[in-house]
Amino acid sequence: LRNRIIDPSKNAVREVVEKYGIEATAGTVGDGLLKSLEAGSQRMGAAMNNFQEAADRMYTGIEKMIDDLYTSMGGRTSSIDAGRSVIESGQDFIEKHTRQSNAMYDAVDSFIDPNDFILPSNFKGAAQEMMFASDLGKLFQKDLAGKIVQTIDSEGPIPYSELAKIRSALGKIIGEKSQVGPGDIGLGEAKKMYEAITLDMQEMAKRQGDEALDAWEAANDFYRVGKKTIDEVIYPTMTTRGGKEWLPPEDVQRRMAGLAARDPDGLAKMQTSGVLSQDDMGRVGAGILDDLGQGTPGSAAVIEDRLSPARIPAQTSSKVINEESKDVLFNMTSREIFEDLRILGGAVKQTDELVNRSGTGNMNVLTGMLTGAGTALAGGDPMQMGGAVLAGVVLPYLGSKGLQSRPFINWVTKGAEQGTGPEWVRAGARMAAKEGLLELYDAIIEFESGNTGGNAQTRGALEE
């Protein structure tokens, strides 16, 4: 029956359901929901519970899909843990970059006699740029800058080994994001001094020949590329004020989510730069989707700890994850499950509204439906009574499936709006025969035959 009521436009939904072995709720259409009202509210309550149980089985399948998605992304993780992982990767990149840079500059040092003297003119020039010419400006001048210039002017050239030590000390200070020496020179000035000393080292390397110069260029290129990544990728996303302090994990993850939603190129750069790996990106994605299928905070679904798949389309929309960002956050497996969840989440939206209730909510649905039908009975109008049942139970159910024939739904809608007389029964028989939905039609007529006067004769048009 389920296969026969699938709208061709809903094939994608059917394929997802079959792929993951999810039990849909179509099996409850024929019996419980359309039984005669004469069975009373107790039997109808049981029927509604059967429908809820069927939906629960379907949601269990959806929940497994969500679990599989997280597994394919490296495991379920909170947004805070995802942000913490990003910070750790950024810190690890900086630590490795510093260590490797030092090792490469040490290789340059191996070509140079540590006792060779050099006049660090670039270092002196960097210090001079921090100094003021006027007496007023000197009130704001850092003492260290003046002392550096004064010392170089008075002592002249210094051993290369001393310059290398100064460079290493500055590199350590920069890595720790602390202040420099007695003059309290800030981080920005420290970086300028480090680069100036590096240029002085280049002059020494040139004196040693091509091999030494090649080693210096390799070290310098590595340092500059890494520094660019740190300044343009790590600091803007993970720190405050250009690297002064690391942000809290939740703020970092919030910035990563912003990249995923609005700046896929920036997100991709986090990986292509070498800061984050594919596994790291999987954790970021899992953090963005950490509440996938859960209800809105404070809702009954959250309080009762039950799935709310109707939220999946909004939680996975392009406003949350840009289409291009999916290529960065997902591998082939997680991308496939993600797209399947979007299809299925959209299809069960109305089902969620009907079945994803507490027991009290289900009884309210029944109470409303029974009240409408009871009013019709009291008025002696079986056609109106049938319409109340169709509007209260049948239409919400069929509408929730997203798998129905439009002519069939139109027929049910007409009965709900205009009543369920013999002509409606005969018209339904003709339509159901044409649509190949006689089993579903029989289930609905089972109710109609008991409550509107419908019988085999009213359906005679079909046999004729």
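This is a predicted model: local features need pLDDT of at least 70, side-chain atom pairs count only at pLDDT 80 or more; totals for chains, interfaces and linings use all residues.

Mentor: Residues are numbered from 1 along each chain as its sequence is written, and side-chain values use heavy atoms, with hydrogens and water left out.

Trainee: How are α3 and α10 oriented to each other?

Mentor: Helices here are DSSP runs (H or I, at least four residues) numbered from the N terminus. The axes, lines fitted to C-alpha atoms over the stretch in contact with angles from 0 to 180 degrees between N-to-C directions, come within 7 Å for α3 (residues 79–109) and α10 (residues 249–262) and cross at roughly 90 degrees. Since 65 to 115 degrees counts as roughly perpendicular, α3 and α10 are therefore roughly perpendicular.

Trainee: Which residues of α10 make the contact with α3?

Mentor: Contact means heavy atoms within 4.5 Å. On the α3 side, the contact is made by Ser79, Ile80, Ala82, Gly83, Arg84, Val86 and Ile87. On the α10 side, the residues are Pro249, Glu250, Val252, Gln253 and Met256.

Trainee: Are α8 and α9 roughly parallel or roughly antiparallel?

Mentor: The axes of α8 and α9 come within 8 Å and cross at roughly 160 degrees. Angles over 145 degrees count as roughly antiparallel, so the arrangement of α8 and α9 is roughly antiparallel.

Trainee: How many charged residues has the contact of α8 with α9?

Mentor: Among the residues that meet are Lys191 and Glu195 in α8 and Lys227 and Asp231 in α9. Asp, Glu, Lys and Arg count as charged, Ala, Val, Leu, Ile, Met, Phe, Trp, Tyr, Cys and Pro as nonpolar, and the others, Gly among them, as polar. By class, the contact has 8 nonpolar residues, 4 polar and, for the class in question, 5 charged.

Trainee: What volume has the largest cavity?

Mentor: A cavity is a set of points on a 1 Å grid over the protein atoms alone where a 1.4 Å probe fits but cannot get out. The structure holds 3 cavities of 30 Å³ or more. The space in the largest cavity is about 220 Å³.

Trainee: Which residues lie nearest the centre of the largest cavity?

Mentor: The elements that give two or more residues to its lining are α3, α7 (160–176), α8 (187–208) and α9 (210–238). The lining residues divide into 6 nonpolar, 6 polar and 3 charged. Of the 15 residues that line the largest cavity, those nearest its centre are His97, Thr98, Ile174, Tyr223 and Ile230.

Terms used
Angles under 35 degrees count as roughly parallel, over 145 as roughly antiparallel, 65 to 115 as roughly perpendicular and the rest as oblique. On a 1 Å grid over the protein atoms alone, a cavity is a set of points where a 1.4 Å probe fits but cannot get out, and a pocket is an open set with protein on both sides within 12 Å along at least five of seven lines; lining residues have an atom within 4 Å of a point. Grid points are joined across faces, edges and corners, and a volume is the space filled by probe spheres set on the points.
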